[in-house]
Structure formats: C-alpha cells, structure tokens
Amino acid sequence: MDLLDLLHDTMSSPWVYLAIFAIAVLDGFFPVVPSETAVITAGVFAASGAPYLPAVILVAAAGALVGDHVSYAIGRGGGTRLLDRLPPDGRRRAAIDRARRGIATRGGLILTVARYIPGGRTAVTLTMGAVRYPRRRFLVFDALAASSWGLYSALVGYVGGLAFEQDPLRGLLLGLGLALTVTVVVEVVRWLRNRRRAARAGEPGAARADEPGSDAVSAGVVSRQVDAR
C-alpha cells in the first residue's frame with residue numbers, strides 16, 4: 001500500500017473526525033502537533049467526497065476551542081503566580097504590562113491575529129490566562145477565532161483538492177503552499193508595521209505596545225515562564 005492509498009483509507013474512515021479533533025486540542029498547548037496540516041489534508045480529500053467538509057470544519061474548530069481553553073487554564077493556574085514573583089521594575093514585568101494593556105483593550109483582535117503567527121496562539125492564550133482575562137470574553141472571542149481558523153484551514157485544503165482532483169498529493173502541496181504564503185504575508189506585514197512605528201518613536205527595532213503583533217511577542221514571555229516550571 002502506497003502513501004496515497006494510506007491517506008485515502010485514513011480520510012475515508014469515520015475515525016478521522018476524532019483524530020482531527022484530538023490533534024487540534026493538543027496543538028493548543030503543545031504547539032509541535034501539526035493541526036493545521038491535518039485539517040488542510042482533510043480539506044484536500046474532502047474535495048473528492050470524503051471526509052465531509054462541514055464536519056471537518058466543525059471538529060477542527062471545536063478541537064481548537066478546547067485546546068485554547070486548556071492553555072488558558074494552564075496560564076491561569078501557573079502563570080499568575082509566576083507573574084506575581086517578577087520584579088516590579090524589571091524588563092519582563094514591563095513586557096507583561098504591555099501585553100496586559102493590549103489584551104485588555106484588543107483581546108479579540110490579538111487572539112485572532114496570533115492564531116496565524118507561528119507560536120503566537122499558545123503564547124497569547126497562556127498570557128490571557130495568566131493575566132486573568134475574563135473567561136466569558138475569552139470564550140466568545142476564542143470561539144470566533146477558532147471558527148475562522150477551522151474554516152480557513154479546511155477551505156485552503158479544499159481549494160487545493162479541487163485544483164488537483166485527480167492528484168490529491170499535488171492538491172495537498174498547493175494547500176500547504178497557500179497556508180505558508182498567508183503566514184509569511186502576516187509576518188511580513190507585522191514586521192513592517194512594527195518597524196515603521198518604532199522608527200516614528202525614534203527607537204529602531206522596538207515594538208510598540210499599541211501593535212497587536214507586539215502584544216503577541218510580549219505574551220511569549222509568559223509562555224516561556226510557564227514552560228520553565
């Protein structure tokens with residue numbers, strides 16, 4: 001059995017939905033798990049009829065939502081105590097204060113943007129838990145972010161599958177290429193905006209606190225602190 005046959009058998013199994021859900025959950029707090037690749041792959045094969053595209057979108061979004069709440073709970077449980085021990089005049093405390101202010105005013109935007117920044121999803125959800133961002137607001141915004149991610153990832157794969165309906169492996173390569181392109185574009189735009197704002201402030205290379213991307217970077221401080229426990 002070659003790779004294509006194995007993928008066909010896997011994607012046509014009813015267990016594929018449980019696998020997608022589990023992978024999306026794990027990726028929320030263990031970001032080396034390739035949830036986006038799994039969803040894109042399912043989207044590619046959905047163009048041929050199996051698995052069922054709406055079900056792929058639903059389970060991917062649900063898994064991402066659950067995984068984000070696990071990460072939020074980890075940050076809320078351990079991150080808060082770590083933040084309390086940071087020196088009040090230290091650089092890490094200043095970074096967290098910037099992230100806290102940004103999350104308080106633009107939590108939904110930051111949560112959504114961070115989902116498309118490598119490592120940003122886990123860093124932001126951990127930080128939101130650590131700074132005790134209101135749980136109900138987190139649920140609402142994260143439901144929107146997870147839904148948009150599930151829809152985007154599955155449709156990117158579906159487009160690749162439609163383009164190469166007779167060659168799913170090429171469709172998968174196209175889908176992954178499209179997703180990589182979007183990630184690169186988001187990173188380049190974020191870098192250029194940070195650089196322009198830093199230049200206006202007279203601090204080359206410094207990220208400003210009013211930039212959603214800079215909040216995600218600051219949030220990485222909490223992520224590393226929690227991981228070090």
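Author: A pocket is found on a 1 Å grid over the protein atoms alone: it is an open set of points with protein on both sides within 12 Å along at least five of seven lines. Lining residues have an atom within 4 Å of a point. A volume is the space filled by probe spheres set on the points, which are joined across faces, edges and corners. This is a predicted model, in which local features need pLDDT of at least 70 and side-chain atom pairs count only at pLDDT 80 or more, while totals for chains, interfaces and linings use all residues. Residues are numbered from 1 along each chain as its sequence is written, and side-chain values use heavy atoms, with hydrogens and water left out.

Reader: What volume does the largest pocket have, and which residues lie nearest its centre?

Author: The volume of the largest pocket is about 470 Å³. Its lining has 21 residues, and Asp27, Glu36, Arg115, Pro118 and Gly119 lie nearest the centre. Helices are DSSP runs (H or I, at least four residues), numbered from the N terminus. Those giving two or more residues to this lining are α3 (35-46), α6 (120-130), α7 (135-163) and α8 (168-201).

Reader: How do I read a nonpolar core, and which residues have the most contacts inside the largest one?

Author: A nonpolar core is a set of buried Ala, Val, Leu, Ile, Met, Phe, Trp, Tyr and Cys residues joined through side-chain atoms within 4.5 Å. Buried means under 20% relative accessible area, exposed over 50%, and partly exposed in between (1.4 Å probe, protein chains only). The largest core here has 25 residues, and Ile20, Val39, Val56, Trp149 and Ala154 have the most contacts inside it. At least two of its residues come from each of α1 (3-12), α2 (16-29), α3, α4 (53-84), α7 and α8. Another core lies apart from it, with 10 residues, including Ala114 and Met128.

Reader: Is Asp142 buried or exposed, and what does Asp142 touch?

Author: Contact means heavy atoms within 4.5 Å. Asp142 belongs to helix α7 and is buried, at a relative accessible area of 0%. Leaving out residues up to four places away in sequence, Asp142 touches Ala64, Leu65, Asp68, His69, Leu111 and Arg115.

Reader: Where is Pro14, and is Pro14 buried or exposed?

Author: Pro14 sits in the loop between α1 and α2. Pro14 counts as exposed because its relative accessibility is 63%. Pro14 and Pro51 are 37 residues apart in sequence, and their C-alpha atoms are 8.0 Å apart in space.

How values were computed. On a 1 Å grid over the protein atoms alone, a cavity is a set of points where a 1.4 Å probe fits but cannot get out, and a pocket is an open set with protein on both sides within 12 Å along at least five of seven lines; lining residues have an atom within 4 Å of a point.
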